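I am opening a notebook on a structure that is new to me, and I want to write down what I look up as I go. I will begin with the whole and then turn to single places.

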Amino acid sequence: MELKLYDTLTKQKQPFRPLDPKNVRMYVCGPTVYDFAHIGNARPVIVFDVVFRLLRHVYGENHVTYVRNITDVDDKINARALRDFPDLPLNDAIRRVTEKTAAQFHADVAALGCLKPTFEPRATEFVLPRTDGKTDMVTLITQLIARGHAYEAGGEVLFDTASMPDYGLLSGRKLEDQQAGARIAVDAHKKNPADFVLWKQSSDDEPGWDSPWGRGRPGWHIECSAMSAAYLGEVFDIHGGGLDLIFPHHENEIAQSRCAHGTHTMANIWMHNGFLQVEGEKMSKSLGNFVTINELLRDWPGEVLRLNMLKTHYRSPIDWTLKGLEESAKTLDDWYEVAADSKGEVASGAVLEALSDDLNTPQVVASLHGLRNAAASGDAKQREAFAASLRLLGFLSDSAAGWKAKKQQASGIDAAQVNSLLSDRAAARARKDFKESDRIRDELAAMGVVIKDSKEGTTWEIAR
Ligand code: AMP
Ligand code: ZN
């Protein structure tokens with residue numbers, strides 16, 4: 001079975017051939033830690049977690065290195081630190097903001113069933129040259145200047161886009177177009193409107209590091225060039241992120257890394273997930289149409305959010321709706337019932353094949369429905385393959401009982417209270433007080449609990 005992945009750079013599905021099958025290397029741009037992550041931010045985390053799991057399955061658990069950074073230097077972080085901790089010195093305030101936000105992010109994505117990346121470097125630890133000799137931003141910028149790809153002007157260090165003949169390949173933006181179309185006044189100190197900041201000066205009340213260009217801080221793009229090289233080398237296999245990162249972020253990462261190292265390529269495959277949308281618009285902080293992962297986890301187990309994400313192919317837009325979530329929750333209820341107690345270890349060939357075709361998760365979900373039906377009609381082998389496939393995809397982390405408890409907890413319904421009402425109702429029915437038993441049934445319904453009476457007794461479930 002050949003793994004094929006769509007590459008944004010060549011605009012084609014490419015057969016995946018790792019540079020070193022003993023160490024398959026992937027870098028994904030991580031969060032800027034100034035606020036709770038929204039469910040749109042969870043999309044790349046879930047999508048690339050599936051890529052990570054698939055690569056581990058194919059090449060072996062110890063033969064895949066996955067790096068996802070944390071951006072902990074950013075003007076939005078400074079602003080948040082000043083707002084939330086006005087009485088602390090700025091550096092302490094920044095640390096409080098970034099530590100709290102990073103911890104929340106970790107808790108959120110763990111609840112979504114995502115494995116930890118192999119390394120999770122923080123940008124601030126890669127600004128200055130390091131004792132361990134891993135690539136850092138100041139050294140990269142120095143190399144870019146020495147090779148004639150960057151210049152100092154107006155207190156900044158800028159990347160000289162004209163020094164790179166094929167700048168713009170990833171996004172398909174040509175430099176000439178950008179010059180001709182430049183409506184915005186070109187910053188006077190830039191040679192070219194497309195030139196971008198590698199280093200900028202910091203005022204006394206901004207975070208800063210002493211560098212050959214004075215006290216300052218790095219631009220955003222250089223972070224990822226440094227941290228990817230630090231852990232994965234100058235050229236690696238897969239680089240990922242959301243569609244909005246193609247330009248300028250990834251375009252500029254490519255320019256920096258290739259020009260600093262003198263290579264033709266930064267990563268062999270560039271993967272980008274599509275947007276998660278609300279009523280046709282990209283979910284984003286700035287539009288205010290967002291819901292945080294944390295808020296959603298109060299109402300839904302993380303696996304429901306995960307399945308809801310994977311029902312759509314990663315390159316297509318997803319419309320995030322309540323109806324979709326309800327359906328995903330129902331599906332998982334059923335899958336847990338059929339598979340949770342099975343110990344299967346060998347995932348289904350059809351599921352692996354669909355995953356290997358550029359992560360065709362809608363096809364995977366279709367195959368899972370087929371396996372479920374075969375399993376439910378008594379095929380023990382298919383039941384094992386079903387359970388193993390679900391686990392490969394990061395589902396079934398709970399037992400069947402654990403799942404039920406989680407759903408009850410997420411619904412805010414107190415199982416002990418429901419059971420006590422049910423026994424009051426049974427008592428009322430026994431003494432033929434149907435008025436009271438109906439009243440209790442209505443009370444439960446108002447709580448969102450549906451009860452079913454049968455010969456075996458009364459069972460209940462959460463109405464969704
Ligand atoms: P940000 O914190 O905005 O830099 O985003 C972190 C990651 O989430 C990046 O990979 C973005 O491309 C991705 N992202 C942000 N918003 C969305 C969205 N609405 N849908 C899908 N991915 C998104
Ligand atoms: Zn990045």
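Predicted model: local features only at pLDDT ≥ 70, side-chain atom pairs only at ≥ 80, totals over all residues.

Residues are numbered from 1 along each chain as its sequence is written, chains are lettered from A and ligands numbered from 1 in the order in which they are written, and side-chain values use heavy atoms, with hydrogens and water left out.

**Entry: the whole protein**

I counted helices and strands as DSSP runs numbered from the N terminus (helices are H or I, at least four residues; strands are E, at least two), and the protein has 16 helices and 16 strands. Taken along the principal axes, the C-alpha atoms fill a box of roughly 90 × 55 × 45 Å.

For burial I used relative accessible area, where buried means under 20%, exposed means over 50% and partly exposed lies in between (1.4 Å probe, protein chains only). On that scale 50% of the 464 residues count as buried. By the Shrake-Rupley method with a 1.4 Å probe, where for residues only the protein chains shown count as cover, the protein exposes about 21,500 Å², and carbon and sulfur atoms supply 49% of it.

I then turned to charge, counting Lys and Arg as positive and Asp and Glu as negative, without His and the chain ends, and placing each charge at NZ of Lys, CZ of Arg, CG of Asp or CD of Glu. There are 56 positive and 65 negative side chains, and the centres of the two sets lie 4 Å apart.

**Entry: the zinc ion**

Which residues coordinate the zinc ion (ligand 2)? Taking as donors the N, O and S atoms within 2.8 Å of the metal (3.2 Å for Na, K and Ca), and keeping in mind that water is not among the atoms, so sites may look incomplete, I found C29 (SG), C224 (SG), H249 (NE2) and E253 (OE), at 2.0 to 2.6 Å. Along the sequence these donor residues are spaced C-x194-C-x24-H-x3-E. The two cysteines link distant parts of the chain, with C29 in the loop between strand 3 (24-28) and helix 1 (39-59) and C224 in helix 6 (residues 220-232), 195 residues apart. C29 is buried, with a relative accessible area of 13%, and C224 is buried at 0%.

**Entry: backbone details**

I looked up the peptide bond from F247 to P248, which is cis, with omega near 0°; P248 lies in helix 7 (residues 246-261).

In the loop between helix 11 (349-356) and helix 12 (361-376) I found D358, whose phi is near 50°, a positive value in a residue other than glycine. L359 is found in the loop between helix 11 and helix 12, and has a positive phi of about 55° although it is not a glycine. D358 counts as buried at 0% relative accessibility, and L359 is buried at 2%.

**Entry: residues in helix 12 and elsewhere**

S367 lies in helix 12 and is buried at 14%; leaving aside neighbours within four places in sequence, S367 is in contact with A350 and V351. A375 also lies in helix 12 and is buried at 6%, and with the neighbours within four places left aside, A375 is in contact with V338, Q382, R383 and F386.

Notes
Contact = heavy atoms within 4.5 Å.
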